[in-house]
Amino acid sequence: MSLEGKVAIVTGASRGIGAAIVKKLAAEGATVVAVARSVESCEGAAMCQKVDVSDSSQVDACVKAVIEKFGRVDILVNNAGVTKDGLLMRMSDSDWDQVININLRGTFLFTRAVSRPMMKNKGADGAQLGGSIVNIASVVGITGNAGQANYTASKGGVIALTKTVAKELGSRNVRCNAVAPGFIVSAMTDKLPDDIKKQYAATIPLGRFGTVEDIANCVAWLASDDSAYVTGQVISVNGGMV
Ligand code: NAP
């Protein structure tokens, strides 16, 4: 697998899974742009961009800046995501809106912004090079989860969007797939009490939470030409949990 010569944008790159994806794509040879609301530096990144993914003018300006600097965009990883958990009956409008706006609207905005430049990517021989979009969904976007109406709806939406984008852009060789992580050791799961973490781990056939590298490795494969005939798929990386 080599990403030599490819330009990648990774959202939610300031820490956790996103930072690991930046490192992995860069190690495979890609020029990587790291995006988050607050990101000063990021290991492996050629450029950092402070962007709120839910704001369409910031997203469009970011993609424009990447094209101006690097001339192209071949890979987009929509990884930025947040949780605001609570039971449905008590969930506020703003907790619903914030999670949907960042996780789902943000994925739509970045996908829309890169779709035209990706469709225009052509090789020296005129071959349609297209691009690869990888969306970070979640196991709970497939199964549902009590206390996460906003988050599960956003991730279920990301999965449906992935399949639609694959159908709309496939003829131009722009692929779109999703990775659905299970429980990954990160700031998001650090919030869980220890006894809950133990209970969850006991339900995972591989007996452990995943690492950020487990996710980054799968993303790098989907971003690369090694997965050239894979599109519209949701790859579960969850230790066999579901
Ligand atoms: P994390 O450590 O909380 O990092 C989230 C990243 O998203 C940060 O870089 C954050 O940076 C960025 N972000 C948040 N809101 C943003 C916004 N409006 N605009 C731009 N960037 C924004 O989360 P993680 O655990 O690495 O999760 C990464 C992705 O994996 C998420 O989509 C999450 O839903 C998914 N996931 C995680 C797990 C898990 O177990 N950890 C499981 C399944 C799925 P700023 O705050 O600086 O903006």
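This report describes the ligand site and the pockets of one predicted model.

Local features are reported at pLDDT of at least 70 and side-chain atom pairs at pLDDT 80 or more, whereas totals for chains, interfaces and linings use all residues. Residues are numbered from 1 along each chain as its sequence is written, and side-chain values use heavy atoms, without hydrogens and water.

**Ligand site**

The ligand is surrounded by 30 residues, a residue being near when one of its heavy atoms lies within 4 Å. The closest are Ser14, Ser38, Asn79, Tyr151 and Ser186. In class, this shell comprises 16 nonpolar, ten polar and four charged residues; Ala, Val, Leu, Ile, Met, Phe, Trp, Tyr, Cys and Pro count as nonpolar, Asp, Glu, Lys and Arg as charged, and the others, Gly among them, as polar.

| Residue | Protein atom | Distance to a ligand oxygen atom |
|---|---|---|
| Ser14 | polar side-chain atom | 2.6 Å |
| Arg37 | polar side-chain atom | 2.8 Å |
| Asn79 | backbone N or O atom | 2.7 Å |

Taken alone, the ligand exposes 890 Å², of which the protein buries 96% (Shrake-Rupley method, 1.4 Å probe). Two or more shell residues come from each of helix H1 (16-27), helix H5 (149-169) and helix H6 (187-190); helices are DSSP runs of H or I with at least four residues, and strands are runs of E with at least two. H6 gives the most to the shell, with three residues.

**Pockets**

The ligand sits in the largest pocket, meaning that more than half of its atoms lie within 2 Å of the pocket's grid points. A pocket is an open set of points on a 1 Å grid over the protein atoms alone, where a 1.4 Å probe fits, with protein on both sides within 12 Å along at least five of seven lines; lining residues have an atom within 4 Å of a point.

The largest pocket has a volume of about 1000 Å³ and is lined by 42 residues, with Gly81, Val82, Thr83, Tyr151 and Met188 nearest its centre. H1, strand E2 (31-36), H5 and H6 each supply at least two lining residues. The lining holds 21 nonpolar, 15 polar and six charged residues.

The second largest pocket has a volume of about 250 Å³. Its lining numbers 14 residues, of which Lys6, Leu129, Gly130, Gly131 and Asp225 lie nearest its centre.

Note on methods
A polar contact is a pair of N or O atoms within 3.5 Å; within protein, one must be able to donate a hydrogen and the other to accept it, and residues adjacent in sequence count only if both atoms are side-chain atoms. Grid points are joined across faces, edges and corners, and a volume is the space filled by probe spheres set on the points.
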